[in-house]
Amino acid sequence: MPTQVRIFTMPKSLGETLGASSSTVPLSIQPKSERPATPEVKARLPIMETIPEKPKEGGITFANQDSLPKLPIPELEQTCKKYLAALKPLQGPREHSETKIAVQEFLKKDGPELQRKLQEYAVGKTSYIEQFWYDSYLNFDNPVVLNLNPFFLLEDDPTPARNNQVTRAASLVVSALEFVRAVRREELPPDQIKGTPLDMYQYSRLFGTARVPTENGCQIEQDPDSKHIVVLCHGQFYWFDVLDDNSDLIMSERDISINLQTIIDDAAQTPIQEAAKGALGILSTENRKTWSGLRDVLTKEEGSNNADCLGIVDSALFMLCLDYTEPANAAALCQNMLCGTNDVVKGIQIGTCINRWYDKLQIIVCKNGSAGINFEHTGVDGHTVLRFASDLYTDTILRFARTINGQAPSLWKTVSPDPSKRDPESFGDVTTTPHKLEWDMSPELNIAVRFAETRLADLISQNEFECLDFGGYGKNYITSAGFSPDAFVQMAFQAAYYGLYGRVECTYEPSMTKAFLHGRTEAIRTVSEESVNFVQTFWADNPAEEKVEALRKACQQHVNNTKECSKGRGCDRHLYALFCVWQRYLDAENSRSPSSMGYSSPIETGSEQGSVVGSPGQESFLSMNEEERSRQRGDSVNSRCPDHQVPAIFTDNGWDKLNNTILSTSNCGNPSLRQFGFGPTSGGGFGIGYIIKDEGINICVSSKHRQTKRFIDTLESYLLEIRRILRITNRKSTTSRQTRAREIDPDKPRSSHHRLKTRGRMITGTDNLRALARSSTGTRSPTDESLMMSEDDELGGYGFFDAGMLLQALKARGEALDQGEPKASERAAANARRREIGKKLRLVEY
């Protein structure tokens with residue numbers, strides 16, 4: 001019998017869930033998607049139902065969900081005004097006048113009708129943009145590696161003796177499991193900014209979740225009761241249970257260390273050259289349609305082991321990747337966490353790129369203990385995973401502290417009972433000994449692995465990564481000079497790029513909108529008339545005061561834009577939703593039925609008709625050439641002509657320009673992270689992840705070999721030069737925040753008995769400033785402030801609407817079959833069979 005899978009459909013708020021009956025629309029599972037039922041993969045629930053229908057009594061994690069406001073639909077006129085403002089500095093006068101005409105036409109003809117349809121569509125929905133958002137991610141057909149998945153690089157464990165692979169990995173796993181437990185028991189304190197609660201919905205999507213490709217786009221599957229992890233080592237897969245049915249830990253840190261050492265020893269018995277030939281994780285880097293076909297190959301043979309193995313991987317809490325390499329520098333570490341290393345020896349790929357599974361959350365630990373996180377981005381943003389990473393890092397330190405002082409504090413409201421003091425019978429039906437998954441490698445799979453690896457090696461080779469650990473100054477100095485830290489750094493990117501190329505380009509920065517129910521991000525458009533004036537003023541022969549004044553105006557404009565976007569009042573998401581509504585209208589017209597309103601979602605109605613932009617068998621306007629598109633300008637969507645022409649605003653060159661990001665940037669981090677980054681989102685662009693710390697700025701830049709090192713060097717030179725200019729204009733500014741004690745230092749009348757105290761030369765340390773500017777910050781330990789957010793830290797989200805997703809299809813999706821809880825006898829039989837999956841390993845001494 002095939003596994004009945006419930007897939008992602010339109011999420012509902014808690015209030016809607018409570019008020020609705022428990023009815024679901026069954027999905028006819030396509031024969032091609034069927035695979036044998038696996039013992040581990042129960043009837044998977046749709047992700048949005050991992051939030052309980054009713055918060056647990058005493059639960060705090062989701063307590064604010066029903067009180068959160070919905071994301072507002074902006075006024076059409078205001079959106080168009082902001083759209084023109086974003087494009088004006090990027091266009092010449094003639095091009096901008098054409099865009100103005102297209103916008104005016106849109107406001108007169110198609111815009112009001114599409115706005116009305118969007119408002120009608122949003123009635124009863126959690127968010128007007130949410131389904132369109134998920135569709136854009138799940139129908140992204142290119143490989144997710146380097147295109148969608150971001151990474152975090154954690155700081156090293158502050159205890160050097162614990163920076164070896166097994167100890168660090170075991171420690172991180174235990175902390176991750178405590179986090180899982182806190183989420184499931186609803187004991188994780190909710191996020192908030194300045195007293196405003198934030199949406200916590202994404203935390204229910206972090207664990208036991210997999211992005212699964214199908215013939216018609218990807219779907220998100222989750223086992224909400226998952227209790228095992230999968231370990232990847234030398235491209236080989238291992239698994240063991242770590243939680244009981246109550247989500248309590250059943251293994252101590254030492255128990256997990258023994259398992260991990262056992263796995264490393266077993267994996268080393270297979271030469272890496274041999275293991276690489278069967279490293280099936282490489283298939284998750286393929287084009288999504290290709291990967292979908294290969295999953296069918298894995299599961300189609302009767303009696304094959306592969307379906308069970310695939311089920312174990314898909315339903316794992318998360319992946320733990322144990323790498324055998326020790327990257328030499330920060331840039332190499334960043335590459336390793338983002339896409340792995342590309343190391344071909346005698347024609348065989350032995351790099352860490354074979355030791356990944358990109359469809360799930362991955363914790364990656366190198367041989368020297370360096371650790372990071374790579375995450376599947378569909379259901380979660382950077383801010384959510386940042387909280388996970390921060391708590392992970394903090395808990396490892398506090399747990400170690402409790403081994404020294406049992407009274408040391410804990411992050412968690414409650415902790416799991418000590419597994420070593422529990423009755424083993426209380427663990428339930430679990431498998432704690434690691435098992436190795438043994439795949440049945442057919443000739444077809446062997447060839448697929450080989451070709452997937454060569455394509456991935458090409459992809460990795462096309463990208464380069466550089467890091468800047470700038471220690472000259474950070475948030476403290478920037479704020480003391482009267483600037484917003486994020487706006488200050490954004491202007492640094494603008495100045496560095498202009499200094500290299502003499503022009504400004506489309507720039508994207510996400511602003512978090514989690515103050516709204518199921519909020520994600522809005523796009524901040526950094527380039528403004530003020531920012532253009534600043535970079536031109538900075539690079540010209542102008543007085544220092546004039547440069548600083550231009551910088552202040554540019555930063556203030558960026559702050560204003562950021563505030564508007566954080567309130568859901570940007571232009572990008574609104575226009576994208578209007579475009580999606582138009583496309584749905586077109587689809588409904590093409591498959592016309594008398595009752596069609598043109599804005600109902602195929603996903604909600606269960607319809608398998610109504611393809612969307614770029615779908616097979618229907619030409620998308622986005623794929624038309626310029627001549628065809630220009631011929632269509634001016635035709636109204638309401639004209640009901642056979643061709644249903646595209647609204648002028650979406651065929652104008654300005655729309656293409658704003659959706660071709662050259663500088664894709666994101667500010668996401670705190671002292672627990674060393675670096676954060678992602679791949680470039682366009683062929684000629686840069687991907688820039690940055691972390692603003694108190695006394696430093698950490699920046700990771702990627703590009704497809706666009707002089708990345710030179711850009712980093714220019715950026716560093718600018719940061720030093722702007723500080724010099726600020727000192728000229730304000731001699732009283734300092735490189736560090738002064739304490740109360742130092743505030744009394746400036747000259748003031750002193751009594752005669754202070755005379756002796758004033759003898760001698762005051763030491764200011766200014767002679768060492770330049771040396772300090774090139775040293776790295778030593779601030780490594782997490783603080784309470786790492787969990788707090790300033791006005792500039794509200795960006796935290798990380799979105800990829802600028803990644804070319806606008807060109808991806810929005811495909812029909814159905815709701816899934818609702819399969820109830822398995823009977824106790826069936827569950828026992830499944831668990832008995834599950835224990836037999838994989839080769840049981842013999843534990844080593846540790």
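In what order do the nine strands of the open sheet run? The legends below start there, and please keep in mind that this is a predicted model.

**View 1. An open sheet of nine strands with mixed pairing.** The strand order is E18-E1-E12-E11-E8-E6-E7-E13-E21. At the edges you will find strand E18 (673–677) and strand E21 (839–840). Each of these has a single partner strand, so one side of each is left without a neighbour in the sheet.

**View 2. Strands E1 and E12 side by side in the sheet.** Here we look at one pairing. Strand E1 (residues 151–154) and strand E12 (residues 371–374) run antiparallel and are joined by three bridges. To find your place, look for Leu153, which stands opposite Gly372 in E12.

**View 3. Helices H6 and H10 lying across strands of the sheet.** H6 lies across E1, strand E6 (228–233), strand E8 (319–322), strand E11 (362–365) and E12. The direction of H6 is at about 160° to E11. Helix H10 (residues 306–314) lies across E6, E7 and E8, and runs at about 105° to E6.

**View 4. The packing of helices H15 and H23.** Two packed helices are described by the angle between their axes and the distance between the axes. For helix H15 (residues 485–501) and helix H23 (residues 708–729), the angle is about 120° and the axes are 9 Å apart. H15 and H23 are therefore oblique to each other, and H15 passes H23 in a right-handed crossing. On H15, the contact is made by Phe488, Met491, Ala492, Phe493, Ala495, Ala496, Tyr497 and Leu500. H23 contributes Arg710, Phe711, Thr714, Leu715, Tyr718, Leu719, Ile722 and Leu726. Sorted by class, the contact of H15 with H23 has 14 nonpolar residues, one polar and one charged.

**View 5. Glu186, a residue with a positive phi.** Most residues other than glycine have a negative phi. Glu186 is not a glycine, yet its phi is positive, at about 60°.

**View 6. Ser247, in the loop between strand E7 (236–241) and helix H7 (253–268).** Ser247 also is not a glycine and has a positive phi, of about 65°. With 7% relative accessibility, Ser247 counts as buried.

Conventions: Residues are numbered from 1 along each chain as its sequence is written. This is a predicted model: local features need pLDDT of at least 70, side-chain atom pairs count only at pLDDT 80 or more; totals for chains, interfaces and linings use all residues. Side-chain values use heavy atoms; hydrogens and water are left out. Axes are lines fitted to C-alpha atoms, for helices over the stretch in contact, and angles run from 0 to 180 degrees between N-to-C directions. Helices (H or I, at least four residues) and strands (E, at least two) are DSSP runs, numbered from the N terminus. Angles under 35 degrees count as roughly parallel, over 145 as roughly antiparallel, 65 to 115 as roughly perpendicular and the rest as oblique. A crossing is left-handed if the near helix is turned anticlockwise from the far one by less than a right angle, and right-handed if clockwise. Contact means heavy atoms within 4.5 Å. Ala, Val, Leu, Ile, Met, Phe, Trp, Tyr, Cys and Pro count as nonpolar, Asp, Glu, Lys and Arg as charged, and the others, Gly among them, as polar. Buried means under 20% relative accessible area, exposed over 50%, partly exposed in between (1.4 Å probe, protein chains only). Two strands pair if DSSP finds at least two bridges between them.
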